[in-house]
Amino acid sequence: KDTHLPMKLLLLSPVFGGRYLEHHLLYNLIQSLVGVSLHIVFSDFLSKEISKREASLKANEQRIVNLLEELKLKNTDLEEKVRERTSSLLKTNAELQRSNEELRRFAYATSHDLQEPLRMIGSFVQLLDKRYGDKLGPDGKEYIQFALEGSTRISALIRSILKYEELGEEKMKMQRVNLKSLIEAGIKSLKPIIEEKNARVDIEEIPEQIHCEPDEMSLVFYNLIHNGLTFNKSKIPKVIIKGEENPTHWLISVQDNGVGIAPQYVDQVFRVFQRLNNRKEYSGAGMGLPLCQRIVERHNGRIWLTSKEGIGTTFFLTINKSVKPQFEVV
């Protein structure tokens, strides 16, 4: 584009005539004026738009600042409430622990102190039966028997309470033990009831070595096998123990063909002092399964059951392979 066209037209005006020059000058002038006008208009428009955008941005920034301040105040208030709640919970928890500890000590001391008078009562009732049983007649003999059974049950209950409380206090002396040998030792101590009922206790595939507190784990299997034989009306009571290996734990099952448990009572069997059977028909203090649960949980495992009334019950428990239990003594 020739930017010097107006000047050239001015110099050539004698040749081409002034009229031609006049038209082009006027055209360029108009073009320049239009360009300048448009530039002014658009510049003003853009300036106003930019001002509007800047004002809008400033307003948004201010809103964001206000929201951040409001959020900061709410966070501060929330943190204060959390601190207050945490402090309150810690205080309540400390009071609850202190109360539980006092209650535990009271229960332990009371249970321990009751042992001696109970032994005395039992001894004197037995002496009474021995010396004067023949003179008391059938009713007297029956009353003495009731007294003896009552003192025996209370004594067993107290021993169970003491054992249950001791489990929450004692440190665990973990060892590598042969599980089959541990279970067989429990079966040996149950020999009288096994022979009396013509029962069978079979040990199928189970882990050879486990990491546990031997005395406690022995008590678990003793109680589960004893329950399977005691609460059993089959001609040949059976208890089958077997294990299944998993990546992190062993799953052990103890299955019996006993009386079973009705569905509505399955969730109650691990409650302390809970009895689901007639006391006259089945003995016990209702502490065996709670003891089992506490022991298994102390080993960081869990215990549960499935049961069909009149068919039998299967207890399941997990024994971890590598996870260290609570209260381990190294």
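In the predicted model, Lys 191 is partly exposed, with a relative accessible area of 48%. Lys 191 forms a salt bridge with Glu 195, and the closest N and O atoms of the two residues are 3.8 Å apart. Because exposure requires a relative accessible area over 50%, Glu 195, at 55%, is classed as exposed. Both residues belong to helix α5, which comprises residues 191–197, and they are four residues apart, or about one turn of the helix. An α-helix has 3.6 residues a turn, so residues three or four places apart point the same way.

The structure holds eight salt bridges. Side chains of opposite charge can pair when their charged atoms come close. A further pair consists of Arg 83 and Glu 80, whose side chains meet in a salt bridge with an N to O distance of 2.8 Å. These residues are separated by about one helical turn because they stand three residues apart in helix α3. Arg 83 is partly exposed, with a relative accessibility of 47%, and Glu 80 is also partly exposed, at 35%.

Another salt bridge joins the side chains of Glu 245 and Lys 321, with 2.7 Å from N to O. This pair links distant parts of the chain, since Glu 245 lies in strand β4 (residues 238–245) and Lys 321 in the segment after β7 (312–320), 76 residues apart. Glu 245 is exposed, with a relative accessible area of 52%, whereas Lys 321 is partly exposed, at 27%.

Helix α3, which extends over residues 18–167, also contains Leu 26. Together with Leu 29, Ile 30 and Leu 33, Leu 26 makes a nonpolar surface patch of about 380 Å².

Helix α6 spans residues 214–230. Among the buried residues are Pro 214, Met 217, Val 220, Phe 221 and Leu 224. The N-terminal end of α6 is capped by Glu 213, which places a side-chain oxygen 3.0 Å from the backbone nitrogen of Asp 215. Thr 230, which also lies in α6, is buried, with a relative accessible area of 11%. A polar atom of the Thr 230 side chain lies 2.7 Å from the backbone oxygen of His 226.

Glu 216, another buried residue of α6, makes a polar contact through its side chain with the side chain of Arg 298, at 2.9 Å. Arg 298 is placed in helix α7 and is buried, with a relative accessible area of 4%. Helix α7, comprising residues 288–298, also includes Leu 291, which counts as buried at 7% relative accessibility. The C-alpha atoms of Leu 291 and Arg 271 are separated by 9.7 Å, and the two residues are 20 residues apart along the chain.

Two cysteine residues were also examined for burial. Cys 212 is buried, with a relative accessible area of 0%, and Cys 292 is likewise buried, at 1%. The count of disulfides in the structure comes to zero.

Terms used
Residues are numbered from 1 along each chain as its sequence is written. This is a predicted model: local features need pLDDT of at least 70, side-chain atom pairs count only at pLDDT 80 or more; totals for chains, interfaces and linings use all residues. Side-chain values use heavy atoms; hydrogens and water are left out. Helices (H or I, at least four residues) and strands (E, at least two) are DSSP runs, numbered from the N terminus. Buried means under 20% relative accessible area, exposed over 50%, partly exposed in between (1.4 Å probe, protein chains only). A polar contact is a pair of N or O atoms within 3.5 Å; within protein, one must be able to donate a hydrogen and the other to accept it, and residues adjacent in sequence count only if both atoms are side-chain atoms. Patches are made of residues with over 30% relative accessible area and no salt bridge: like charges are joined within 9 Å, nonpolar side chains (Val, Leu, Ile, Met, Phe, Trp, Tyr) within 5 Å. Accessible areas come from the Shrake-Rupley method with a 1.4 Å probe; for residues, only the protein chains shown count as cover. A salt bridge is a side-chain nitrogen of Lys or Arg within 4 Å of a carboxyl oxygen of Asp or Glu. A disulfide is a pair of cysteine sulfur atoms within 2.5 Å.
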